[in-house]
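Please walk me through this protein model, from its strands and sheets to its cores and aromatic rings. Plain running text will do.

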Amino acid sequence: MSWPDFRFPLGGWFFLSLIPLVILYFLKLKRSRLEIPSLALWQSVVNDQRVNSPFQKFRRNLLLLLQLILICLVILALMQPFISAGPETDEFIPVLIDCSASMSARLPGSDQTRLDVAKEQVQAMIDNLRGKGKISLFTFSSGGRRLTEFTDDQQLLNRAMEDVLPTHRASKLDEVLRMAEAYARTAPVQRVIVMTDGNLKDQVDFELPFKLEVQRVDQGGSNIGITEMTARRSGMDNPSAWDIFIRVAGSSEETVFGEITLTQNGKPAGKESVSASREDSERLVFSVDSPESSLVQATLKVEGFDSLNIDNTVWLSLPKTRPLRVRVDAELYSWQHALAVQPDLEIDSAATANAAEYDLIISNSEDLKGIHAPIMIYNGVVPKDLADLISVADMTADDEPVQVVDWANTAPLLRHVRLRDVQIGQQARFATGANALMLEERGYEVLIHAAAGPLMLQRRRGLETEFYFLFHTDRSTLPYRLAFPILVRNAIEAALQQAGLAEVAAVPTGVLPPIKLEADREYVIQGPKDRADTAKSNSNGVLNGVQADFVGKYDVLDGSDVAASIGTGLLSPLETSLAAVEQLQFAELTVATDETKVIDSDRHLWWILAMLAFVFLLIEWWYFQRMRGATT
């Protein structure tokens, strides 16, 4: 049983006001005037009354009793008594609030979202803090954020609750759990509470060191939204033609209908009807012509109610059409011949490079003399940092040619390439004690294997990918096989993809992709909801790490001029589905996602006492003003 407590215990000092009331009744002594024949017997009555006078006055004084009760009830109501619904013992509780996009879902005819319901539950927990237990607030979507330390300061927690706002990002639980685990080392945390709609991945890469209570908010109607938007070059006959692919998915079992409108740089480019349900998504294709860079926007208009609006708009940036810039060394005649028959290429095979940047570089030396490209292919080169692990020697006439044993046919450069019948006149061997694991530790992956060692390596460094043929292709039968033009075409496709000239995809919310601008220059990024940020490009002229928390268009301003425009979309099938998982699978155990229960709040008693005081006031008025007045 929980005993009542008081919000304003200092109000008990008002009980001292009872003393003046009693004193007034001592001073207020009214005697009735009566005529009697003799004082002889009256004297003994007066003596008895003096002996008992301090308390005799109160024996039958109903008015005083009612006034005492009335004042006591008013004072108790002023002290604001309540029966606490908070924890019985001190407890430190991290509370993690889901602020992902699906938490903005609404019910038909209501403006209340899932996040609003979750905040009401957390607010009830804060209101129940009475010096027993402390709360630390966290929010999470694709990442986590801590709002407060462990505290029972309700004002501080209430201010932090004002910062709990919805985002346009997908939800991810493991990162915020790691934050809570790290912070839990500062206090004896026994349990962590997660307020969410259950729209989470069911597999969580985290080992729970504490008890996890997942409280699920189930609210929201049917939804339909855009979950995918990509563009692909239509063909080589018209390099500026693009096919726009849009996928629309729904959340309910019933089919929901709508209309997709496509605009290019603000001008209409297409319109199609669409329908989708939970089990049946629909994919649409639009064709546009874009010789210059352009911004394409897809907008979904839903017939009837739509629970979530932020997945109805997606932006896609189409790059300016141009030939692929390729640099190939003058000595690599077989590569030059294979590239010459490929369309829409700008090939530089001069002895000295004509530019500083290319889309694809094919070289027989690691010394590129200051030129760069996202895709680089080295022919007959052993990386300098692998010289102690790999050696390459020419085969003699008495040696059998080296044959390929295995290759990674899923690698971008080796798709559809058959190397089984290729013979090689150079042998790459591992040094004594070296193996493929040592290459991986240094960042290299073996793509082609021979019996004695690797023949081709791959290394990724940021946005760049390097391929190393450890043997020279002219010292093999590869240029005379069908595999060689296929390999060259794969290299071109990889370079087109990296340069965004073959296929581009809409950017999801989170962080904008790298933007190529002028080097070492400060720019203003004007985003949705009139938000502006400042960022500076690096020495290579790349603007990295620009936050994109909301769906919409982002303009990169150089002064008053627009240097670049890029848009984002939610593009999350999980968020659009509004589906809730029944349980979360952690490393060693499963946690159920329970429906949120209404948290018991403190039972306030002051209004009951105030009502009783009013009743006693009515009794006093009725008895002494009506009844006694009527008798008189």
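How many bridges join strand β35 to strand β36, and in which sense do the two run? Seven bridges join β35 (residues 552-558) to β36 (residues 561-569), and the two strands are antiparallel. Within this pairing, L557 is opposite V562 of β36. Two strands are said to pair if DSSP finds at least two bridges between them. The strands (E, at least two residues) and helices (H or I, at least four) are DSSP runs, numbered from the N terminus.

The model is predicted: local features need pLDDT of at least 70, side-chain atom pairs count only at pLDDT 80 or more, and totals for chains, interfaces and linings use all residues. Residues are numbered from 1 along each chain as its sequence is written, and side-chain values use heavy atoms, with hydrogens and water left out.

The protein chain as a whole has 11 helices and 39 strands. Of its 632 residues, 44% are buried, where buried means under 20% relative accessible area, exposed over 50% and partly exposed in between (1.4 Å probe, protein chains only). Among contacts with a separation of 6 or more, 69% are between residues 24 or more positions apart; a contact means heavy atoms within 4.5 Å.

The pair β35 and β36 belongs to an open sheet of five strands, in the order β28-β36-β35-β31-β32, with mixed pairing. At the edges stand β28 (507-508) and β32 (532-536); each has a single partner strand, so one side of each is left without a neighbour in the sheet. Strands of a sheet pair through backbone hydrogen bonds, either parallel or antiparallel.

Another open sheet has four strands, ordered β11-β10-β13-β14, with antiparallel pairing. Its edge strands are β11 (267-276) and β14 (313-318), each of which pairs on one side only. From one strand to the next, the twist averages 20 degrees, with axes taken as lines fitted to C-alpha atoms (for helices over the stretch in contact) and angles running from 0 to 180 degrees between N-to-C directions. Nine bridges hold β10 (residues 256-264) and β11 in the antiparallel sense, and E259 has S273 in β11 as its bridge partner.

Strand β9 (residues 241-250) is mostly covered, with eight of its 10 residues buried. Strand β8 (residues 224-233) pairs with β9 in the antiparallel sense over nine bridges, with A231 opposite I244 in β9. β9 also pairs with β12 (residues 282-289), again antiparallel, over eight bridges. In that pairing, I246 has L284 of β12 as its bridge partner.

Next come the nonpolar cores. A nonpolar core is a set of buried Ala, Val, Leu, Ile, Met, Phe, Trp, Tyr and Cys residues joined through side-chain atoms within 4.5 Å. The largest has 62 residues, and those with the most contacts inside it are W335, I377, L419, I448, L455 and L457. Elements giving two or more residues to this core include α7 (333-340), β18 (375-379), β24 (444-449), β25 (454-461) and α9 (483-499). The largest share, nine residues, comes from α9. Apart from this core lies another, of 26 residues, among them L284, F286, A298 and L300. Leaving aside residues up to four places away in sequence, I448 touches V404, D406, W407, L414, L419, P454, L455 and M456.

The aromatic rings form a further set of links. Rings of Phe, Tyr and Trp (its six-membered ring) pair if their centres lie within 6.5 Å; planes under 30 degrees apart count as stacked, over 60 as edge-to-face and the rest as tilted. By this rule there are nine aromatic pairs. In one of them, F92 and F150 are edge-to-face, at 5.5 Å centre to centre and 90 degrees between the planes. F92 lies in strand β3 (residues 92-98) and F150 in the loop between β5 (144-146) and α5 (154-161), so the pair ties together parts that are 58 residues apart in sequence. F92 is partly exposed, with a relative accessible area of 22%, whereas F150 is buried, at 13%. Ring pairs link F92, F138, F150 and Y183 into a cluster. R146 lies over the face of Y183, at 4.6 Å from the ring centre; a charge sits over a ring if NZ of Lys or CZ of Arg is within 6 Å of the ring centre and within 35 degrees of the ring normal.

Finally, L617 is placed in helix α11 (residues 606-631) and is partly exposed, with a relative accessible area of 40%. L617 and I69 are 548 residues apart in sequence and 9.6 Å apart in space, C-alpha to C-alpha.
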